[in-house]
Amino acid sequence: MADWNSELYLKFKAERTQPAHDLAARIPLRDARSILDIGCGPGNSTAAVAARYPGARVLGVDNSENMVAAACAAHPEFEFRVCEAPQGLDALGGGFDIVFSNACLQWIPEHRTLLPVLMRQLRPGGVLAVQIPVQQSQPMHRIIAETARREKWRTAFPAPPRAFHNLQQNEYFDVLGELTQEFTMWEITYYHRMPSHAAMLEWYRATGMRPYLDKLNKAQQEEFERDVSAQLVQAYPAQRSGEIIFRFPRLFFTAVRPGA
């Protein structure tokens with residue numbers, strides 16, 4: 001998949017960053033000296049968790065060179081590195097007070113083995129704090145996937161371009177329960193105000209549609225977007241103001257590494 005576009009991603013910075021603030025607020029630590037942000041993107045999530053722990057040493061990692069460059073430019077007060085998770089994490093040295101991840105893990109497979117690796121990066125008593133979008137059952141993702149399965153797109157998409165690596169909530173509960181007795185899970189549904197259906201499409205160009213658009217040339221991208229856009233009006237009716245309610249559920253959890 002092509003590299004991420006930090007400029008496009010940040011067009012909805014406030015909406016994308018709010019879950020990071022909400023996650024940071026629920027971390028059950030009063031103080032922290034070291035924080036690892038996995039999937040730091042352009043640094044907006046890193047700044048959110050760092051704001052709660054002034055003075056902490058903060059390291060943000062991402063597998064996108066574009067995102068890391070944007071993070072370094074926006075937040076020179078923190079350290080950022082290109083790193084592939086989970087295979088590159090052990091080389092970071094571990095012993096962190098907090099391992100933080102906002103809207104990243106859905107792109108990484110095998111969560112049953114991934115979460116133990118993340119916990120291993122913590123000191124005993126440290127906290128893993130994670131937010132994962134649970135959008136796969138929402139109309140937008142259904143429309144994208146169903147459009148890709150149409151006869152006209154079968155040559156471009158012989159196999160589904162997008163895989164959702166999320167577990168079910170009860171499965172996360174069991175995985176976390178095997179790692180620690182101190183964990184908390186919750187879910188928040190955000191009702192984002194979109195000025196138009198075109199704005200919703202722009203949101204997804206930076207994230208959920210990337211695996212599809214990366215397989216198409218420019219003319220095909222525009223046609224695929226038109227096919228998707230034509231279905232959004234019925235799935236997301238406009239309010240009296242003309243705005244669109246963009247419903248976005250997200251799963252959160254924190255977990256404390258045993259042994260403190």
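Two strands are taken to pair if DSSP finds at least two bridges between them. Strands (E, at least two residues) and helices (H or I, at least four residues) are DSSP runs, numbered from the N terminus. The model is predicted: local features need pLDDT of at least 70, side-chain atom pairs count only at pLDDT 80 or more, and totals for chains, interfaces and linings use all residues. Residues are numbered from 1 along each chain as its sequence is written, and side-chain values use heavy atoms, without hydrogens and water.

Strand β1 (residues 34-38) pairs in the parallel sense with strand β4 (residues 96-102) over three bridges. Within β4, V99 is the bridge partner of L36. β1 also pairs in the parallel sense with strand β2 (residues 57-62), over five bridges. Here R57 of β2 is the bridge partner of S34. Helix α3 (residues 44-52) carries the chain from β1 to β2 in a right-handed β-α-β crossover (clockwise from the first strand over the helix to the second, with the strands pointing away from the viewer).

Five of the five β1 residues are buried, so the strand is largely enclosed by the rest of the structure. Buried means under 20% relative accessible area (1.4 Å probe, protein chains only). S34, L36 and I38 point one way from β1; I35 and D37 point the other way.

A nonpolar core is a set of buried Ala, Val, Leu, Ile, Met, Phe, Trp, Tyr and Cys residues joined through side-chain atoms within 4.5 Å. The largest has 50 residues, of which I27, F100 and F224 touch the most other members. Another core, of 31 residues, lies apart from it and includes L59 and C83.
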